[in-house]
Amino acid sequence: AARGFYTGTEFDLSRLPDFFRETVWATAGANETLYRPLLMVSIAIDAALFADRLAAYHLVNVFLHVLATLLVYLLLSRLLRLAEPRDESAAFIALLAALVFGVHPLHAEVVNSIFNRSTLFVAIGTAGGLCWLLRHFEARPALAWTGIWLAYWFVLFSRETGIVLPALAVALVWIYSSGGLREKVLRCLPALLMAVPLLVYLAMRAQAVAPPMPLGAGESSDLLGVTELVASGRFLQAGYLFRVAGVWLDGLRLALWPRPLLLIHPRPDEVLRIVGLFVHIGLVAAALIMYRRKRPRLITGLAIFYIALLPASRLFGSDGGSAHLAERYLYEPSIGLAALLAFGLRYLLRRGDRLLAAAPAVLAVVLLTPLTWARNADWSDEVT
């Protein structure tokens with residue numbers, strides 16, 4: 001990223017727009033489809049500020065992770081207050097859940113890898129944008145949707161997984177809107193305006209990944225892969241759905257029991273795939289039943305987890321990749337799991353005192369911190 005942008009103490013800001021016209025590895029002469037301009041801009045700025053002092057690049061990542069954790073805390077506080085407006089324990093419970101999020105070893109890859117800073121950007125934009133939206137969507141809807149609209153520009157040009165932010169916004173506004181069907185639909189309609197940054201992003205991405213030479217016979221000119229996606233119908237195949245269900249179940253397991261930690265996790269066997277599908281169906285069914293009974297806790301966390309994980313599941317897309325699990329895929333979805341933890345801790349608080357509610361979170365922090373420390377050591381060792 002720094003090539004051609006850092007020379008001694010000079011930093012040519014005029015060349016930063018080049019990152020919006022090319023893919024990640026364009027300066028290396030590679031033609032691929034990774035389009036993350038804000039990531040490349042941030043690395044170029046690091047190069048200008050820090051040159052070859054690589055520890056400073058990593059400190060920026062640590063700072064961004066702390067910022068993401070603070071925004072997760074604010075989002076959890078808002079969700080707890082929306083579920084029960086008169087609850088005075090929201091800040092305390094949100095703090096406990098955010099601390100677990102902050103020290104979880106699943107996040108070590110994202111924080112340690114400068115290239116995966118794009119995931120930190122998406123989490124920051126997602127948590128911050130949703131918190132802003134949920135704070136204002138009833139009293140000041142125009143202000144609320146303007147904020148999430150701006151956040152959408154940021155996450156889209158950071159990493160492609162940010163594409164699902166409108167779905168997250170609609171899901172949470174729907175869950176926490178008062179009134180009947182008509183009122184909920186009207187409150188969600190402004191999400192259609194988020195199509196503007198999406199279309200701009202897709203057009204700029206298509207231009208950036210355009211083939212460098214004329215296509216040969218039989219090659220597709222569909223840069224966005226829509227034709228191949230519809231023609232293959234992979235997302236409708238039962239076998240592939242089973243595979244994705246197994247991958248998602250393994251993601252849930254790693255959040256609860258983060259061992260072993262691997263760069264790429266093996267694909268689940270047939271039994272785990274079947275079990276995974278039934279577990280997900282059971283969780284969604286339970287969440288819907290609780291939601292109908294005016295208890296939105298479970299559906300809130302699951303909605304964030306499943307929607308945020310959708311881009312990495314490869315249910316949609318035509319890159320030929322198969323469903324698999326990498327720890328970096330779970331950074332954003334774990335915001336939903338942090339929400340589930342927060343609601344669970346508040347349930348314990350009602351059954352006892354603050355010490356009883358804090359105990360599981362404190363125990364989790366004590367147990368997870370050494371695992372994260374060891375995982376950081378793995379990432380700092382070239383052989384490992």
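**Figure 1. The second largest cavity of the predicted model.** Sorted by class, the lining of the second largest cavity consists of five nonpolar, three polar and one charged residues.

**Figure 2. The largest cavity.** Four cavities of 30 Å³ or more are found when the whole structure is searched. The largest cavity has a volume of about 60 Å³. Its lining residues are T119, R159, T161, A308, P311, A312, R328, Y329, E332 and P333. Helix α13 (residues 297-313) provides the largest share of this lining, with three residues. Five nonpolar, two polar and three charged residues make up the lining of the largest cavity.

Figure 3. Two or more lining residues come from each of α3 (90-103), α11 (238-256), α14 (334-351) and α15 (354-380). The largest share of the lining, six residues, is supplied by α15. By class, the lining of the second largest pocket comprises 19 nonpolar, three polar and one charged residues.

**Figure 4. Helix α14.** Helix α14 is one of the elements that give two or more residues to the lining of the second largest pocket. With 18 residues at 1.5 Å a residue, α14 should span 26 Å, and this agrees with the 26 Å between its end C-alpha atoms. The buried residues of α14 are S334, I335, G336, L337, A338, A339, A342, F343, L345, R346 and L349.

Figure 5. The structure holds twelve aromatic pairs. In one of them, the ring centres of Y35 and Y201 are 6.0 Å apart and the ring planes meet at 40 degrees, so the pair is tilted. Y35 lies in the loop between β2 (10-11) and α1 (37-50), whereas Y201 lies in helix α9 (residues 195-208); the pair thus links distant parts of the chain, 166 residues apart. Y35 and Y201 are both buried.

Figure 6. W149 is partly exposed, at 27% relative accessibility, and W153 is partly exposed at 25%. Ring pairs connect F20, Y35, W149, W153, F157 and Y201 into a cluster.

**Figure 7. A charged group over an aromatic ring.** The charged end of R354 is positioned over the ring of F92, at 4.4 Å from the ring centre.

**Figure 8. Backbone features in loops.** Most residues other than glycine have a negative phi, and most peptide bonds are trans. R259 and P260 are joined by a cis peptide bond, with omega of about -10 degrees. P260 is located in the loop between α11 and α12. A51, a residue other than glycine, has a positive phi near 55 degrees. A51 is placed in the loop between α1 and α2 (54-83). K294, likewise a residue other than glycine, has a positive phi near 65 degrees. K294 belongs to the loop between α12 and α13, and K294 is exposed, with a relative accessible area of 74%.

**Figure 9. L288 and L298.** L288 is part of helix α12 (residues 270-292). L288 has a relative accessible area of 44% and is partly exposed. The C-alpha atoms of L288 and L298 are 8.4 Å apart in space, and the two residues are ten residues apart in sequence.

Definitions and conventions: Residues are numbered from 1 along each chain as its sequence is written. This is a predicted model: local features need pLDDT of at least 70, side-chain atom pairs count only at pLDDT 80 or more; totals for chains, interfaces and linings use all residues. Side-chain values use heavy atoms; hydrogens and water are left out. Rings of Phe, Tyr and Trp (its six-membered ring) pair if their centres lie within 6.5 Å; planes under 30 degrees apart count as stacked, over 60 as edge-to-face and the rest as tilted. Helices (H or I, at least four residues) and strands (E, at least two) are DSSP runs, numbered from the N terminus. Buried means under 20% relative accessible area, exposed over 50%, partly exposed in between (1.4 Å probe, protein chains only). A charge sits over a ring if NZ of Lys or CZ of Arg is within 6 Å of the ring centre and within 35 degrees of the ring normal. On a 1 Å grid over the protein atoms alone, a cavity is a set of points where a 1.4 Å probe fits but cannot get out, and a pocket is an open set with protein on both sides within 12 Å along at least five of seven lines; lining residues have an atom within 4 Å of a point. Grid points are joined across faces, edges and corners, and a volume is the space filled by probe spheres set on the points. Ala, Val, Leu, Ile, Met, Phe, Trp, Tyr, Cys and Pro count as nonpolar, Asp, Glu, Lys and Arg as charged, and the others, Gly among them, as polar. The expected span of a helix is 1.5 Å times one less than its number of residues.
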